[in-house]
Amino acid sequence: MAEHVPQERPGKPCCNPKASTVEERRKLFISDVLRDAHDRKKYSPIAGKVVTGQFNRVNTVHPAVEKWFKAMETKVEGQISSKELQQAFEVFQGRHFSDASCKFVVRLFDLDRNGGLDIKEFESLYYYIRQWMTAFNTYDRDKSGFLDETQLDYALRQMDINFTEEFLRFLITKNNPKARKMPLDQFIITCIQIQRFTDEFKNRDINYSGSINIKYEDFLEMILRCL
């Protein structure tokens with residue numbers, strides 16, 4: 001019996017070769033994603049084959065995710081690196097993510113620890129980043145693309161995290177001493193790290209006193225576990 005091959009529906013390619021500038025390519029990509037979202041009820045998701053080790057597994061991936069993944073110029077077929085992810089954020093989202101931020105999120109979702117993301121790992125990252133972007137845009141009330149100290153304080157309080165003004169200022173300036181506001185990528189990484197450290201702290205604060213006594217090696221273990 002012949003294998004059924006899902007047919008691609010007609011439409012514009014993700015990256016038009018005539019679109020020479022980053023802004024033009026980004027607008028074309030966003031247009032395609034919006035069209036995909038509008039047509040989801042009329043078309044079945046495209047089935048993507050992902051190869052991991054010696055095993056082939058067939059998974060259903062949302063067309064917008066697959067389109068973004070395929071649009072990236074990858075050195076290793078079927079896998080994207082942190083550098084390629086950084087370029088994708090620039091082209092498709094118009095957002096700058098630092099090298100450190102991209103490496104951090106790749107490590108977070110690289111379940112097979114091969115140094116890159118396959119399409120299913122990337123899909124998890126895709127939806128994760130979208131959720132953080134939605135939250136960030138909610139707190140970025142002046143639509144500047146950054147959170148100032150007041151906005152960051154409000155965002156953290158929504159997560160039941162209360163810090164002093166001095167510590168909030170430290171969070172904003174720890175990567176850039178001259179900074180007065182926090183960009184999206186730093187916001188995501190900061191929130192993830194704070195949550196990890198908070199969970200580790202709570203595991204040791206058995207009396208809920210807000211303070212713990214900790215040995216040096218335990219302290220180092222807690223730090224390294226959260227990085």
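Helices (H or I, at least four residues) and strands (E, at least two) are DSSP runs, numbered from the N terminus. This is a predicted model: local features need pLDDT of at least 70 and side-chain atom pairs count only at pLDDT 80 or more, while totals for chains, interfaces and linings use all residues. Residues are numbered from 1 along each chain as its sequence is written, and side-chain values use heavy atoms, with hydrogens and water left out. The protein has nine helices and four strands, and from the N terminus on they follow the order α-β-β-α-α-α-α-β-α-α-β-α-α.

**Confidence**

- The mean pLDDT of the protein (the predictor's confidence in each residue, from 0 to 100) is 76, and 74% of the residues score at least 70.
- Where pLDDT is low, the predicted coordinates should not be read in detail.

**Whole-chain totals**

- Of the 227 residues, 37% count as buried (under 20% relative accessible area; exposed is over 50%, and partly exposed is in between, with a 1.4 Å probe and protein chains only).
- The protein exposes about 14,900 Å², of which carbon and sulfur atoms supply 53%; the areas come from the Shrake-Rupley method with a 1.4 Å probe, and for residues only the protein chains shown count as cover.
- Among contacts between residues at least 6 apart in sequence, 51% join residues at least 24 apart.

**Helix H5**

- Helix H5 (residues 119-139) has 21 residues and spans 30 Å from its first C-alpha to its last, close to the 30 Å expected at 1.5 Å a residue; the expected span is 1.5 Å times one less than the number of residues.
- Aspartate 118 caps the N-terminal end of H5, with a side-chain oxygen 3.1 Å from the backbone nitrogen of lysine 120.
- The buried residues of H5 include Ile119, Phe122, Leu125, Ile129, Trp132, Met133 and Phe136.
- Tyrosine 126 is in H5 and counts as buried because its relative accessibility is 7%.

**Glutamine 86 and the cysteines**

- Glutamine 86 belongs to helix H3 (residues 82-93) and counts as buried, since its relative accessibility is 8%.
- Leaving aside residues up to four places away in sequence, glutamine 86 touches His96, Phe97, Ser98, Asp99 and Cys102.
- Cysteine 102 is buried, with a relative accessible area of 0%, and cysteine 191 is buried at 5% relative accessibility.
- The structure holds zero disulfides, a disulfide being a pair of cysteine sulfur atoms within 2.5 Å.

**Positive phi in loops**

- Arginine 113, in the loop between helix H4 (99-109) and H5, has a phi near 55°, a positive value in a residue other than glycine.
- Arginine 113 counts as exposed because its relative accessibility is 61%.
- Lysine 143, in the loop between H5 and strand S3 (146-147), has a positive phi of about 55° although it is not a glycine.
- Lysine 143 counts as exposed at 61% relative accessibility.

Notes
Polar contact = N/O pair within 3.5 Å; in protein donor to acceptor, adjacent residues only side chain to side chain. Contact = heavy atoms within 4.5 Å.
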